[in-house]
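Subject: Structure handover

Dear colleague,

Here is the structure you are taking over, followed by notes on what was found in it. Please keep it open while you read.

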Amino acid sequence: MDPVISIRPLIAIAIAGLAALAILLLHKQEKLRDLVSPVAALAMFVIVMSMAPTVLSGGSVELRLFEILPGVDFAFRADALGMVFATVSSLLWILAAFYSIGYMRHLHEHAQTRFFACFATSLAAAVGGAFAANLFTLVIFYELLSLVTYPLVYHHEDEEAWKGSRKYLVYLMGASKSALLAALALTYHIAGSLDFMAEGMLTSGDASAALLTVVYFCYLFGFAKAAVMPMHAWLPAAMVAPTPVSALLHAVAVVKMGVFCVLRVVFHVFGVGLVGELGLGVVTAYLVSFTIVVASVYALTRDDLKARLAYSTVSQLSYIVLGAVLLSPVAITGGIIHIAAHAFSKITLFFCAGSIYCASGKRNISDMAGIGRRLPWTMGAFFVASLSMIGVPPTAGFVSKWYLAQGSVEAGEMAFLAVLLVSSVLNAAYFLPVSYVAFFGEAAAGEGAATVREIPLVTIPLVVTAILSVLMGIFPGYFLALAQGVTR
């Protein structure tokens with residue numbers, strides 16, 4: 001099918017960029033400023049979904065703006081893989097926008113204009129990366145996302161925020177300035193182009209296996225947002241940011257950009273055939289399996305709820321990469337679906353952590369005994385999202401883990417099936433005690449029910465995302481069709 005030439009990918013990106021500008025201009029009119037984000041988010045989602053019928057039918061929506069170098073354009077293309085990321089980002093921005101307003105107002109946070117402007121710009125960068133037609137455009141938006149989220153991580157402007165944001169920037173910008181730049185230069189030298197190709201742009205290049213292996217690992221570690229160990233330390237450090245930022249980092253934009261870039265490299269830079277021929281799939285699978293298990297063990301040891309969720313994210317991201325590098329169609333489908341499944345569930349968990357903090361000021365799990373009886377909607381949503389992370393039907397996490405497990409068997413790699421099972425047990429071990437303590441633990445003396453209550457503008461979005469986690473498990477058709485479109 002011939003691609004549809006349309007300006008819609010650019011419009012989707014521009015909506016978020018213009019929203020950031022409007023937020024800055026309306027800094028003295030708080031009510032109007034706060035209204036900009038949800039309106040822009042809804043508009044972006046409508047534009048993104050307008051391209052879904054074309055992509056689901058096997059086509060793509062393209063727009064080429066101008067040439068940078070011979071064979072390198074600044075260009076956009078909405079295809080099946082990009083639509084998964086763009087759909088998740090644009091949909092969850094709507095809910096994150098409402099949640100952020102409630103959270104920031106309730107805590108009387110400073111620099112709210114800067115916060116909302118950077119938040120909107122980060123969504124522009126995320127959707128720009130989703131619709132990038134080549135490596136050059138992808139890396140531009142990847143780097144932009146690192147820069148505009150830095151002020152969000154540094155939001156509190158204290159010593160802890162400085163340390164966390166410094167590590168954030170060093171890992172994300174340092175890796176890209178070294179490994180990623182080298183990979184781009186070598187790819188252009190080998191292929192003569194940076195345009196994504198269905199079978200992989202490097203399959204027709206004349207390069208040794210050793211050089212291609214070097215390029216591959218430069219990409220894997222250069223895209224540090226994927227948080228594959230040892231390039232993961234920035235992610236727990238970034239938990240110094242306000243909770244809406246943590247939700248952005250872990251569910252909507254930043255980490256999803258990382259794994260999305262890795263999938264682009266596996267599918268459209270190297271190609272499934274070349275990755276298998278070089279033996280890179282199995283090596284990467286062992287590496288990310290180590291990340292899955294070790295990060296889960298780290299999560300078990302953390303009493304700070306956001307820290308536990310952060311290490312959970314490190315583990316869960318590697319599920320996505322594992323599905324891709326197993327190289328079987330079913331496993332690839334599971335990995336791609338997990339982008340959405342993890343997004344809906346993890347944003348719920350972070351929203352819940354923020355709700356608990358807004359209502360009670362509590363961060364540590366050991367201090368949350370009995371809080372579920374005072375925040376039933378919040379902790380009920382937390383429990384539902386936990387079940388999805390574990391992989392219990394009928395939640396979204398069950399669907400993605402089912403395909404990953406089936407894909408491991410299809411690939412004949414039973415060791416990775418064992419990793420998935422062990423990981424799910426560890427997921428249960430560090431998630432379920434939180435709900436147990438919240439609902440059945442005995443609250444400390446003096447903590448009356450009157451002092452802690454649900455905050456509607458914070459609670460409603462997290463209930464909606466919890467419902468989405470279940471709905472995707474029952475009706476996975478949209479994301480399943482997109483994922484299978486990548487494997488065709």
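Leaving aside its neighbours within four places in sequence, which residues is leucine 248 in contact with? The model is a predicted one, and in it leucine 248 is in contact with Phe119, Ser122, Leu123, Thr149, Leu152, Ala253 and Val254. Leucine 248 has its place in helix H10, which covers residues 243–252. With a relative accessible area of 0%, leucine 248 falls under the 20% limit and therefore counts as buried. Leucine 457 is 209 residues away from leucine 248 along the chain, and the C-alpha atoms of the two are separated by 17 Å.

The peptide bond between methionine 229 and proline 230 is cis, and its omega is about 15 degrees.

Alanine 227 is also found in the loop between H8 and H9. Its phi is near 60 degrees, which is a positive value in a residue other than glycine. Is alanine 227 buried or exposed? Alanine 227 has 0% relative accessibility, so it counts as buried.

Histidine 232 is another residue that lies in the loop between H8 and H9. Its relative accessible area is 14%; buried means under 20%, so histidine 232 is buried. Not counting residues up to four places away in sequence, histidine 232 touches Tyr171, Ala227, Tyr311 and Val314. Ala227 in that list is the alanine with the positive phi.

Two other loops

A cis peptide bond also runs from proline 393 to proline 394, with omega near 5 degrees. Proline 394 lies in the loop between helix H16 (376–390) and helix H17 (396–410).

Leucine 327 is not a glycine, yet its phi is positive, at about 70 degrees. The loop that holds leucine 327 is between helix H14 (305–325) and helix H15 (329–360).

The sheet and the helices on it

In what order do the three strands of the open sheet come? The order is E1-E2-E3, and the pairing is mixed. Strand E1 (4–5) and strand E3 (72–78) are the edge strands, each of which pairs on one side only. Strand E2, residues 61–69, pairs with E3 in the antiparallel sense over seven bridges. Arginine 64 stands opposite alanine 75, a residue of E3.

Helix H1, residues 8–25, packs on this sheet and touches E1, E2 and E3. The direction of H1 makes about 80 degrees with that of E2. Helix H6, residues 135–153, lies across E2 and E3 and runs at about 80 degrees to E3.

The largest pocket

The volume of the largest pocket is about 640 Å³. It is lined by 27 residues, and the closest to its centre are Ala198, His268, Gly485, Val486 and Arg488. Two or more lining residues come from each of helix H4 (80–106), helix H11 (254–270), helix H12 (272–277), H15 and helix H20 (477–487). Which element gives the most to the lining of the largest pocket? H20 does, with three residues. By type, the lining of the largest pocket divides into 14 nonpolar, eight polar and five charged residues.

The second largest pocket

The second largest pocket has a volume of about 380 Å³. Of the 24 residues lining the second largest pocket, Met239, Val240, Ala241, Lys306 and Arg363 are the closest to its centre. Helix H7 (159–191), H14 and H15 each supply at least two residues of this lining. H7 provides the largest share, four residues. The lining of the second largest pocket divides into 13 nonpolar, three polar and eight charged residues.

Regards

Definitions and conventions: Residues are numbered from 1 along each chain as its sequence is written. This is a predicted model: local features need pLDDT of at least 70, side-chain atom pairs count only at pLDDT 80 or more; totals for chains, interfaces and linings use all residues. Side-chain values use heavy atoms; hydrogens and water are left out. Buried means under 20% relative accessible area, exposed over 50%, partly exposed in between (1.4 Å probe, protein chains only). Contact means heavy atoms within 4.5 Å. On a 1 Å grid over the protein atoms alone, a cavity is a set of points where a 1.4 Å probe fits but cannot get out, and a pocket is an open set with protein on both sides within 12 Å along at least five of seven lines; lining residues have an atom within 4 Å of a point. Grid points are joined across faces, edges and corners, and a volume is the space filled by probe spheres set on the points. Ala, Val, Leu, Ile, Met, Phe, Trp, Tyr, Cys and Pro count as nonpolar, Asp, Glu, Lys and Arg as charged, and the others, Gly among them, as polar. Two strands pair if DSSP finds at least two bridges between them. Axes are lines fitted to C-alpha atoms, for helices over the stretch in contact, and angles run from 0 to 180 degrees between N-to-C directions.
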